Amino acid sequence: MEENKKQDGFKDEEFFVIPTESFSPLAQHPLVRGLYLTDVGFFPHALHHYRERKEGADACILIYCTQGEGYIHVGGKVYTIHRQEAFCIPIHERHRYYASQTDPWSILWVHFKGENVRYFPLDQPKVVKVASQAADNRIMTLFQILFRVLRRNYTQGNFIYISQVLSLILSEIYFREQGDGTGKQNRHITDMVHYMYRHLDRPLDLTTLEKEFHLSRSYINAVFKKYAGRSPIDFFLNIKMQEACKLLRSTKRTVQEIGAELGYEDPFYFSRAFRKVMGVSPRKYRDGE
């Protein structure tokens, strides 16, 4: 490895250095300073690729492997990454990385920093598997968009644009639903919320949800508590009252008519439920009090 190590210079590579910080007025725009690139590139079939930074880098380094295999040393551990896997080296973290000699990686990579870096789960290094070919295609398309824009002029609009594309790349890797148990929970709560919106004109209880979705009462409660911070019945009540607010402000229907549309035969019961959630009566809400 030491005899053949190579920093860069690969056939058909793409490589851009973005002087964001040198364009101070452009870099200070809120949509730029939150998350911006300093370097980005693509190294295909990067045989003998090797990089070591004993003092770390002054930016986070995201590496996305499109083919082959490579190794990343950081935090006293060695991580192996393969096709459709990503790894982010935290800012200022000592590291070294290199391609496999037998199956060298092809990598898309970007150095980035900004105020919004802290909102992504990057502090604890880990290999992230991109679950589907569609997600892999999206990531590669987003990098191609970056490359196309970076061949153009340094303008405020282009700086904003590439910052937003970078945010999409990170969100695709770290936040988009993955094919695991958490994804199933997300699907369940999404389906139940869609069901609630289709049945705002009816009462709802846990027995109905159990029968409709073939899920246990305890599981339904746990999923809503995890993702919505409240019970499913409280959640349903809140979206009913949000709909009531919309109808009160955008229509001339009476309070009784709106209550009936939302499944409340008794207008006084509807008013009490509305006041419980919104803190004022439906009439006072409509009057803007």
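Tutor: A residue is called buried when its relative accessible area is under 20%. Please keep in mind throughout that this is a predicted model.

Student: What makes strand 4 largely enclosed by the rest of the structure?

Tutor: Of the 8 residues in strand 4 (residues 60–67), 7 are buried, and therefore the strand is described as largely enclosed by the rest of the structure.

Student: How do you know that strand 4 is paired with strand 9 and with strand 7?

Tutor: Pairing requires at least two bridges between two strands. Strand 4 and strand 9 (residues 106–113) are joined by 7 bridges and run antiparallel, with Phe112 of strand 9 as the bridge partner of Cys60. Between strand 4 and strand 7 (residues 85–89) there are 5 bridges, again in the antiparallel sense, and here Leu62 has Cys88 as its bridge partner.

Student: Why is helix 6 called roughly perpendicular to helix 7?

Tutor: The two helices, residues 206–213 and residues 217–228, pack at an angle of about 100°, with axes 9 Å apart. Since angles of 65 to 115 degrees count as roughly perpendicular, that value makes helix 6 roughly perpendicular to helix 7. The contact brings Leu206, Thr207, Leu209 and Glu210 of helix 6 against Arg217, Ile220 and Asn221 of helix 7, and by class it holds 3 nonpolar, 2 polar and 2 charged residues.

Student: How many aromatic pairs does a search of the whole structure find, and why is the one formed by Phe16 and Phe147 called stacked?

Tutor: The search finds 18 aromatic pairs. For Phe16 and Phe147 the rings lie 5.7 Å centre to centre, with 25° between the planes; because planes under 30 degrees apart count as stacked, the name follows. Phe16 belongs to strand 1 (residues 14–17) and Phe147 to helix 3 (residues 133–150), so the pair links parts of the chain 131 residues apart. Both Phe16 and Phe147 are buried.

Student: Why are Phe23 and Tyr154 called partly exposed?

Tutor: Phe23 has a relative accessible area of 30%, and Tyr154 has 41% relative accessibility. Partly exposed covers values between the 20% limit for buried and the 50% limit for exposed, so both residues receive that label.

Key: Residues are numbered from 1 along each chain as its sequence is written. This is a predicted model: local features need pLDDT of at least 70, side-chain atom pairs count only at pLDDT 80 or more; totals for chains, interfaces and linings use all residues. Side-chain values use heavy atoms; hydrogens and water are left out. Axes are lines fitted to C-alpha atoms, for helices over the stretch in contact, and angles run from 0 to 180 degrees between N-to-C directions. Helices (H or I, at least four residues) and strands (E, at least two) are DSSP runs, numbered from the N terminus. Angles under 35 degrees count as roughly parallel, over 145 as roughly antiparallel, 65 to 115 as roughly perpendicular and the rest as oblique. Contact means heavy atoms within 4.5 Å. Ala, Val, Leu, Ile, Met, Phe, Trp, Tyr, Cys and Pro count as nonpolar, Asp, Glu, Lys and Arg as charged, and the others, Gly among them, as polar. Buried means under 20% relative accessible area, exposed over 50%, partly exposed in between (1.4 Å probe, protein chains only). Rings of Phe, Tyr and Trp (its six-membered ring) pair if their centres lie within 6.5 Å; planes under 30 degrees apart count as stacked, over 60 as edge-to-face and the rest as tilted.
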